[in-house]
Amino acid sequence: MQNCKVTCVCHEKGGTGKTTTAVNLGIGIARQGKKVLLLDADPQGDLSKCLGITNPQELTATLATAMNGVIAETFIDPASVILHHNEGVDFIPANAELAATEITLVNAMNREYVLQEFLAPLKNEYQHIIIDCRPSLGLTVVNALTAADSVIIPVQAHTLAADDMDGLFKTVGRIKQRPNPHLKIDGIVMTMVDGRTNLARQTIRDVRTRYGQVVRVFATEIPYAVRAAEVPGKGQSIFQYDPNGKVAKAYENLTREVLNIGSREKADRDTNAR
Ligand SMILES: Nc1ncnc2c1ncn2[C@@H]1O[C@H](COP(=O)(O)OP(=O)(O)OP(=O)(O)O)[C@@H](O)[C@H]1O
Ligand SMILES: [Mg+2]
């Protein structure tokens with residue numbers, strides 16, 4: 001399978017909607033008939049929990065197993081760490097072992113490229129790989145950005161969010177200089193938008209003004225909804241838990257916007273190849 005796109009959902013700040021976006025965008029893309037792999041790259045294991053793993057600590061085959069295999073130059077069959085969710089996505093779970101792997105990475109050969117090496121054969125199996133990053137800019141995130149084609153940045157619409165992105169933009173800039181010149185920012189998505197509050201509207205205006213000239217700010221805004229706050233404990237996507245709700249509609253629209261970027265990039269590649 002060609003044309004696999006790898007996207008990191010990334011923000012150094014905690015609680016901005018990364019995991020919720022990774023899960024619902026991934027399942028949204030799978031609902032459009034694409035083969036999707038989700039990667040939990042956070043030792044908290046939140047994506048794994050959202051996909052129904054009640055206690056990630058009990059798992060013995062995780063993303064850490066896969067990355068430790070690359071570091072030790074031991075073959076790990078990708079199938080041994082991949083799980084399947086009944087809404088049509090595959091995923092690789094994580095738990096606290098990934099925090100130990102991050103320390104091992106410090107002294108590893110080619111330490112930025114470990115995840116990229118593991119994912120290389122999987123790019124023949126999937127059309128989209130989505131990586132849910134932990135809220136930091138440590139080596140696991142550097143590995144994710146090195147393995148990725150693009151970044152999506154969820155920004156919570158009721159904080160002074162615009163001030164928190166400079167570190168992430170600097171890191172993306174550094175990654176583009178060396179390990180991964182192809183890395184692109186697909187865009188910023190505003191999350192948990194409570195449109196009734198002035199603060200939310202003001203934050204969105206600030207982000208669009210400050211960053212909108214240089215990166216796409218997705219037209220779709222993800223609204224705040226109690227049903228969305230409840231969904232992580234259910235092992236389901238918002239499409240299954242609250243199919244007629246506004247958050248499901250919003251993630252469906254975001255999915256469409258993200259797939260349109262992919263279609264335009266493919267058309268450009270085909271034109272350049274002619
Ligand atoms: N649209 C929404 N409406 C209401 N609550 C939401 C919405 N999106 C996410 N949440 C809730 O906000 C919290 C943070 O979301 P999430 O876990 O997706 O953020 P995160 O960026 O992955 O956090 P972390 O940085 O800890 O990994 C979670 O409890 C989640 O259920
Ligand atoms: Mg998270």
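Which helix supplies the largest share of the shell around ligand 1?

Analyst: H1 does, with three residues of the shell. Keep in mind that this is a predicted model.

Start with the site itself. The shell around ligand 1 holds 19 residues. Those that come nearest are Lys 18, Thr 19, Thr 20, Pro 135 and Ala 228. By class, the shell has nine nonpolar residues, seven polar ones and three charged ones. Two helices each give at least two residues to this shell: H1, spanning 18-31, and H9, spanning 226-230.

H1 packs against helix H11, residues 246-273. Their axes come within 9 Å and cross at roughly 70°. Angles of 65 to 115 degrees count as roughly perpendicular, so H1 is roughly perpendicular to H11. The crossing of H1 with H11 is right-handed. On the H1 side, the contact uses Asn 24, Leu 25, Gly 28 and Ile 29. On the H11 side, it uses Tyr 251, Glu 252, Leu 254, Thr 255, Val 258 and Leu 259. The residues of this contact divide into six nonpolar, three polar and one charged.

Next, the sheet. Seven strands form an open sheet with mixed pairing. Their order is E3-E4-E2-E5-E1-E6-E7. Strands E3 (83-85) and E7 (184-191) are the edges, each pairing on one side only. From one strand to the next, the twist averages 25°. Within the sheet, take E1 (residues 5-9) and E5 (residues 128-133). These two strands run parallel and share five bridges. One bridge joins Val 6 to Ile 129 in E5. In general, strands of a sheet pair through backbone hydrogen bonds, either parallel or antiparallel.

H3 (residues 63-71) packs on H4 (residues 97-105) at about 20°, with the axes 8 Å apart. Angles under 35 degrees count as roughly parallel, so H3 is roughly parallel to H4. The crossing of H3 with H4 is left-handed. H3 brings Leu 63, Ala 64, Met 67, Asn 68 and Ile 71 to the contact. H4 answers with Glu 97, Leu 98, Ala 100, Thr 101 and Thr 104.

Notes. Residues numbered from 1 in each chain as written. Chains lettered and ligands numbered in written order. Predicted model: local features only at pLDDT ≥ 70, side-chain atom pairs only at ≥ 80, totals over all residues. Near = placed C-beta within 6 Å. Helix = DSSP H or I, 4+ residues; strand = E, 2+ residues; numbered from the N terminus. Nonpolar A, V, L, I, M, F, W, Y, C, P; charged D, E, K, R; others polar. Pairing = 2+ DSSP bridges. Axes fitted to C-alpha atoms, helices over the stretch in contact; angles between N-to-C directions. Parallel < 35°, antiparallel > 145°, perpendicular 65-115°, else oblique. Left-handed = near helix turned anticlockwise from the far one by under 90°. Contact = placed C-beta atoms within 7 Å.
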